[in-house]
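Colleague: I would like to learn how to read the packing features of a model like this one. Please give the general idea each time, then the case at hand.

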Amino acid sequence: MVNPVHLRTLIEVVQHKSFAVAATRLGYTPSAVSQQMTALERTTGTTLFTRGAKSIEPTPAAMTMVRHAQRVLTDIDALLAATSTPDLDPSGKPLQELRLGIFPSLAIYALPRLLGSPDWDQLGIALRVHVGEPHQTVAGLRQDGELDLALIFQVGQAGLAWPAQLERQWLGDDQFRVVVPASWKLSSSSTVSAEQLANMPWIMHHPGTSDATVISRLFSAFNIHPRVVAYSDDFNASLHMAAAGLGAALVPELAMLQAPEGIRVIDAPEIRLARSIFALQSPDNHNPKVRVFMDRLTTVLGELSIAPKRR
């Protein structure tokens with residue numbers, strides 16, 4: 001039996017004549033796309049591509065299959081839509097689905113406050129949530145409307161990029177804090193110099209990531225060459241390692257909301273760093289619930305002094 005997922009992939013590959021481009025648009029690896037196409041050829045007994053050293057060319061059979069696949073997939077989508085039972089609000093009206101991509105620390109802070117508000121059910125939103133890192137949710141906006149809205153962060157100007165046509169709204173800045181083990185006997189009112197920071201053991205981001213690059217440049221600007229005792233891109237893990245006495249860490253305020261006992265936040269005047277939070281959406285997306293959700297989210301972020309002040 002032909003797998004509809006393979007048919008969707010086939011359409012992308014034929015359209016772009018590239019496994020790599022199709023993989024980027026669909027969120028797969030090029031190897032996974034190649035394997036899907038091989039499986040489709042095996043299932044149908046048809047050669048779909050002429051493969052060269054650096055290129056592929058769809059065969060006439062592939063072009064014919066694409067024409068039929070588009071009709072089949074349209075019928076499948078219509079079937080699922082016709083047989084699905086809509087979510088209803090308290091008054092019995094259908095809810096409007098909102099497909100949201102959000103990064104973990106913002107999801108932990110914002111979603112319980114949004115979903116737990118007394119009037120959430122009155123907003124008429126059926127929320128479908130995809131929790132992931134920014135590069136994953138940005139990819140969701142590229143995939144022909146897989147997401148209506150992506151909430152992402154960017155540290156400095158390095159690393160993350162998104163298509164120029166996406167609409168961007170700045171939601172505020174999430175400040176990084178220097179966290180140290182409580183066992184170091186530094187009080188929360190302590191001010192620490194660059195020289196003292198350089199002598200501390202540190203828990204740092206894995207080298208090569210965009211966050212690590214920005215932090216490394218910041219430290220180097222003040223001649224800080226940290227003694228690294230652990231690498232972690234998981235802020236929750238970094239906080240627990242700091243609480244256990246392993247080393248200091250740079251952690252954004254949103255992640256600090258789940259901080260364990262056994263840490264202290266100290267002031268390091270040379271370390272001033274923030275990650276900017278943005279909302280991204282396609283200009284072709286006209287879901288009316290995006291604005292409703294964004295208005296409520298801005299209020300929630302304002303309670304943490306992250307959201308920009310309204311004028």
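Colleague: Where does the charged end of Arg275 sit?

Modeller: A charge sits over a ring if NZ of Lys or CZ of Arg is within 6 Å of the ring centre and within 35 degrees of the ring normal. Here the ring is that of Phe153, and the charged end of Arg275 lies over it, 4.6 Å from its centre. Note that this is a predicted model, where local features need pLDDT of at least 70 and side-chain atom pairs pLDDT 80 or more, while totals for chains, interfaces and linings use all residues. Residues are numbered from 1 along each chain as its sequence is written, and side-chain values use heavy atoms, with hydrogens and water left out.

Colleague: How many aromatic pairs does the structure hold?

Modeller: A pair of aromatic rings is described by the distance of the centres and the angle of the planes. Rings of Phe, Tyr and Trp (its six-membered ring) pair if their centres lie within 6.5 Å; planes under 30 degrees apart are stacked, over 60 edge-to-face, and the rest tilted. The structure has four such pairs. One of them is Phe19 with Phe49, edge-to-face at 5.7 Å centre to centre and 85 degrees between the planes. Phe19 is in helix 2 (residues 19-26) and Phe49 in strand 1 (residues 49-51), so this pair links distant parts of the chain, 30 residues apart. Helices (H or I, at least four residues) and strands (E, at least two) are DSSP runs, numbered from the N terminus.

Colleague: Are Phe19 and Phe49 buried or exposed?

Modeller: Buried means under 20% relative accessible area, exposed over 50%, and partly exposed in between (1.4 Å probe, protein chains only). Phe19 and Phe49 are both buried. Phe103 and Phe153 are also edge-to-face, because their ring centres are 4.9 Å apart and their planes at 80 degrees. Phe103 lies in the loop between strand 3 (96-102) and helix 5 (104-115) and Phe153 in strand 5 (residues 149-155), so the pair ties together parts 50 residues apart in sequence. Phe103 is buried at 1% relative accessibility, and Phe153 is buried at 10%.

Colleague: Which residues have the most contacts inside the largest nonpolar core?

Modeller: In soluble globular proteins, nonpolar side chains tend to be buried together. A nonpolar core is a set of buried Ala, Val, Leu, Ile, Met, Phe, Trp, Tyr and Cys residues joined through side-chain atoms within 4.5 Å. The largest has 61 residues, and Leu151 and Phe293 have the most contacts inside it. Leaving aside neighbours within four places in sequence, Phe293 is in contact (heavy atoms within 4.5 Å) with residues including Leu98, Trp120, Ile125 and Leu151. Another core, of 19 residues, lies apart from it and includes Val14, Ala22, Ala23 and Leu48.

Colleague: At what angle do the axes of helix 2 and helix 3 cross?

Modeller: Axes are lines fitted to C-alpha atoms, for helices over the stretch in contact, and angles run from 0 to 180 degrees between N-to-C directions. The axes of helix 2 and helix 3 (residues 30-44) come within 8 Å and cross at roughly 105 degrees. Helix 2 is therefore roughly perpendicular to helix 3 (65 to 115 degrees; under 35 is roughly parallel, over 145 roughly antiparallel, the rest oblique). Phe19, Ala20, Ala22 and Ala23 in helix 2 meet Pro30, Val33, Ser34 and Met37 in helix 3.

Colleague: Where is Lys17 found?

Modeller: Lys17 is in the loop between helix 1 (4-16) and helix 2. Its phi is near 50 degrees, a positive value in a residue other than glycine. Lys17 is partly exposed, with a relative accessible area of 44%.
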